[in-house]
Amino acid sequence: MSHHRHDGPTHESYWMVSAESTGYPSLDTDLEVEVAVIGGGIAGLCSAWELRRAGLDVALLEADRIGSGVTGYTTAKLTSLHTLIYAWLREERGPEAARLYADSHQDAVEHVSRICAELGADAELERIPAYTYVESARRVEEIRAEAEAAREAGLPASFVTETDLPYPVAGAVRVADQLQFHPRKFLFALARDLTARGGRIFERSRAVGLHDGARCRITTESGATVVARDVVVATHYPVFDRAMLFTRLKPRRELVAGAAVPAASAPHGMYITPEQHTRSVRSAPLHDDGQRLLIVTGEAFEPGVGSVEERYALLSAWTRGRFPDAEITYRWAAQDNDTTDRLPYVGHFHPGTQHLYVATGFGGWGMSGGVMSGRLLAAHIAGGPRPAWTELYDPRRLPHVREAAPLLKQQAFVAKHFVGDRLHTSHLDSVEDIPPGSGAVVRLGGRHCAVYRDDSGAVTAVDARCTHLGCLVHFDDADRVWECPCHGSRFATDGSVLHGPATRPLEPQEVPELPHRGGGGAAGSGRWKR
């Protein structure tokens with residue numbers, strides 16, 4: 001991702017710049033352990049930490065730096081109130097399913113509080129209420145029903161019409177005693193404790209191959225191999241999909257704006273509304289006295305669809321309109337995976353395995369979901385009593401009858417991009433027509449190429465086919481990266497993998513040398529890279 005390209009907000013997550021990075025070694029030799037965890041986000045680190053606490057020999061493999069993927073770009077709400085879920089669960093799955101869902105996520109909230117106290121972790125933990133609100137009177141009854149269902153599920157939920165937002169709401173669900181925190185500071189505390197107790201963490205160690213069996217075998221990009229009795233795949237979107245979960249997972253991105261505001265005007269609560277393409281509001285402590293960081297999220301969209309810059313403009317305008325003293329200083333994007341039945345997949349990866357586990361599909365609530373996953377997977381692998389919600393999240397569950405429509409919709413969406421994107425090239429006639437600082441997919445020599453032109457006019461071309469399942473990538477004009485609209489993989493302009501499920505880079509391609517037009521380096525540099 002590019003940062004500081006021009007005056008204005010930092011193009012980076014506040015969580016990334018406000019906590020020092022890590023420097024764990026890369027795996028450069030073969031290794032044998034009891035459990036290997038693939039993925040160094042909150043689900044992976046919580047799983048590794050719980051397993052080591054249970055006495056197992058654990059190694060964690062992370063493709064980049066721990067806490068630098070999806071977890072580093074979250075809004076970091078740790079709550080059991082997940083917009084509108086409890087009335088739907090009560091209706092579709094019954095009151096017991098709603099109760100188990102509430103119990104599992106509230107248990108995660110309290111578990112984080114206990115961990116921070118035990119480890120002395122300064123994770124900027126703040127105990128505040130969470131709200132789901134609407135401004136339209138037409139949706140008040142929906143909010144009343146959610147409050148009732150959440151209360152029946154065992155949460156301290158109530159219906160309210162007053163909040164401390166600087167604008168009126170028609171109604172809101174309020175759940176008391178929730179948490180917000182600094183996700184990377186929390187993960188780094190877990191990592192320190194994990195390694196102090198003999199667990200091992202390997203960064204810049206991308207897993208590219210996996211053999212499932214009585215002795216699982218992981219191959220890394222460097223060629224080093226890890227042999228383990230059990231393996232946990234906690235890579236957000238599974239980089240190895242042995243259960244065709246990609247047919248039941250849909251990636252979604254949301255934009256985030258961070259703005260410094262006077263502490264007195266910052267809301268004391270975590271807020272979300274399903275209206276206006278989703279709007280989420282919370283604040284975080286800043287080291288500057290008298291100020292807090294307002295964090296606003298919204299403009300949910302499918303990766304690779306439409307202009308991201310235009311969506312940022314909408315989110316920024318909304319933020320300034322609702323919080324006039326907000327000075328936007330950060331902007332980033334979060335990525336989530338929604339399942340077709342709205343419940344995460346945590347447990348055995350597929351019916352034929354006894355040793356391969358997965359955690360994915362948190363639907364925007366990965367903080368509580370990741371902590372819940374760590375506890376649930378540790379119970380699976382280390383033995384002992386399993387939580388009452390084990391079956392609720394089992395990835396081997398059969399699709400519910402109500403999943404037929406979202407399943408078909410997701411597959412139609414993928415098919416549209418897989419086939420439709422091949423029927424037309426970019427709206428540009430040639431590489432020469434790509435403006436500096438932009439990218440487009442064009443056909444060169446009968447091949448679809450993803451072509452990026454940097455600010456100086458230098459051109460980089462890579463194969464436009466995603467190395468996961470072959471969909472054509474699209475250009476993200478805000479982050480200046482290539483992203484797959486089908487399953488959410490993201491690549492740098494040189495083709496290197498930034499975000500799975502892809503594990504292999506886009507292949508470099510040659511492009512014709514551009515004619516020199518004169519008048520400076522931008523359009524007429526005539527340089528290219530591969």
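These are my notebook entries on a predicted model of one protein chain.

**Entry 1, the whole chain.** I began with the overall composition, and I found ten helices and 25 strands in the secondary structure of the protein chain. I then looked up burial, and of the 530 residues 62% count as buried. For the accessible surface I noted a total of about 20,400 Å², with 50% of it belonging to carbon and sulfur atoms. Turning to contacts between residues at least 6 apart in sequence, I recorded that 70% of them join residues at least 24 apart.

I next looked up how helix H4, residues 95–119, packs with helix H6, residues 183–196, and I noted an angle of about 55 degrees with the axes 11 Å apart. That angle makes H4 oblique to H6, and I recorded the crossing of the two helices as left-handed. On the H4 side I listed Val112, Ile115, Cys116 and Leu119, which meet Phe186, Ala189, Leu190 and Asp193 in H6. Sorting this contact by class, I noted seven nonpolar residues, no polar ones and one charged residue.

I then turned to helix H2, residues 42–53, and helix H8, residues 366–382, which pack at an angle of about 35 degrees with their axes 8 Å apart. I wrote down the crossing of H2 and H8 as right-handed. In H2 the residues in contact are Ile42, Ala43, Cys46, Ser47, Glu50 and Leu51, and among their partners in H8 I noted Met367, Val371, Arg375, Leu377 and Ile381. The residues of this contact of H2 with H8 divide into ten nonpolar, five polar and two charged.

I looked up the backbone of His236, whose phi is near 70 degrees, a positive value in a residue other than glycine. I placed His236 in the loop between strand S10, residues 225–233, and strand S11, residues 249–262.

Arg342 is found in the loop between strand S15, residues 327–339, and strand S16, residues 345–348.

Terms used
Residues are numbered from 1 along each chain as its sequence is written. This is a predicted model: local features need pLDDT of at least 70, side-chain atom pairs count only at pLDDT 80 or more; totals for chains, interfaces and linings use all residues. Side-chain values use heavy atoms; hydrogens and water are left out. Axes are lines fitted to C-alpha atoms, for helices over the stretch in contact, and angles run from 0 to 180 degrees between N-to-C directions. Helices (H or I, at least four residues) and strands (E, at least two) are DSSP runs, numbered from the N terminus. Angles under 35 degrees count as roughly parallel, over 145 as roughly antiparallel, 65 to 115 as roughly perpendicular and the rest as oblique. A crossing is left-handed if the near helix is turned anticlockwise from the far one by less than a right angle, and right-handed if clockwise. Contact means heavy atoms within 4.5 Å. Ala, Val, Leu, Ile, Met, Phe, Trp, Tyr, Cys and Pro count as nonpolar, Asp, Glu, Lys and Arg as charged, and the others, Gly among them, as polar. Buried means under 20% relative accessible area, exposed over 50%, partly exposed in between (1.4 Å probe, protein chains only). Accessible areas come from the Shrake-Rupley method with a 1.4 Å probe; for residues, only the protein chains shown count as cover.
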